Amino acid sequence: MSREYAPAWRLWLATAARLVLGGVLIVAGWLKLPDPAASVRAVRAYQLLPESVVPSVGHGLPLLEIVVGVLLVVGFATRFAAAVGGLLMLAFIIGISSAWARGLTIDCGCFGGGGSVAANQTKYLQEILRDTGLLLAAAFLVVWPGSRLSLDPTPPTRPAPAPASDSTASTSLTEKETRP
């Protein structure tokens with residue numbers, strides 16, 4: 001049975017992706033917790049969901065972000081947490097793009113706050129680019145969840161080739177010397 005080895009660079013890149021995505025989710029959720037009404041207002045501002053589910057999403061989203069973020073930071077259930085984090089990023093990209101396309105002037109509410117703002121205060125492009133980068137990090141982790149400093153098992157790196165022994169080197173020289 002062949003064993004799958006992971007290059008060391010990939011393990012460290014996965015570690016960085018896990019910590020960045022997880023850290024962003026924790027901060028985003030944590031900043032929304034003190035003011036749940038603002039979180040509900042931010043969800044409502046997108047005008048995408050039926051009013052009956054807006055309060056549930058507004059109250060539940062910060063908790064979901066924190067839980068997924070913690071799973072990523074500690075490296076537990078990384079593939080699952082990255083998939084959920086990626087779906088969140090995709091939903092955020094769709095929501096922000098939709099608000100932009102419909103001419104809404106809102107703050108994304110990504111890190112607290114949210115709701116209507118002046119037209120010159122929107123940052124749709126930066127928000128979409130940020131969330132796209134985080135979506136790519138999540139996709140990387142879904143494909144290659146193994147990383148360093150993680151509670152999940154870390155795949156081994158390819159062992160370094162064994163140095164040539166002295167007997168091999170002397171045999172090679174002897175064979176060359178004996179050839180005409």
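Student: Which side chain meets R130 in a salt bridge?

Tutor: The side chain of D131 meets R130, at 3.0 Å from N to O; a salt bridge here is a side-chain nitrogen of Lys or Arg within 4 Å of a carboxyl oxygen of Asp or Glu. This is a predicted model, where local features need pLDDT of at least 70 and side-chain atom pairs count only at pLDDT 80 or more, while totals for chains, interfaces and linings use all residues. Residues are numbered from 1 along each chain as its sequence is written, and side-chain values use heavy atoms, leaving out hydrogens and water.

Student: Is D131 buried or exposed?

Tutor: D131 is buried, with a relative accessible area of 2%, whereas R130 is partly exposed at 28%. Buried means under 20% relative accessible area, exposed over 50%, and partly exposed in between, with a 1.4 Å probe and protein chains only.

Student: And how many salt bridges does the whole structure have?

Tutor: The search finds 3, including one between K32 and E65 at 2.8 Å, N to O. Because K32 lies in helix 1 and E65 in helix 3, this pair ties together parts that are 33 residues apart in sequence. Helices are DSSP runs of H or I with at least four residues, numbered from the N terminus.

Student: Okay, new topic: where does helix 3 kink?

Tutor: The kink, of about 35 degrees, lies at G60, shortly before the proline P62. Such a bend is the angle between axes fitted to the seven residues ending at a residue and the seven starting there.

Conventions
Helices (H or I, at least four residues) and strands (E, at least two) are DSSP runs, numbered from the N terminus.
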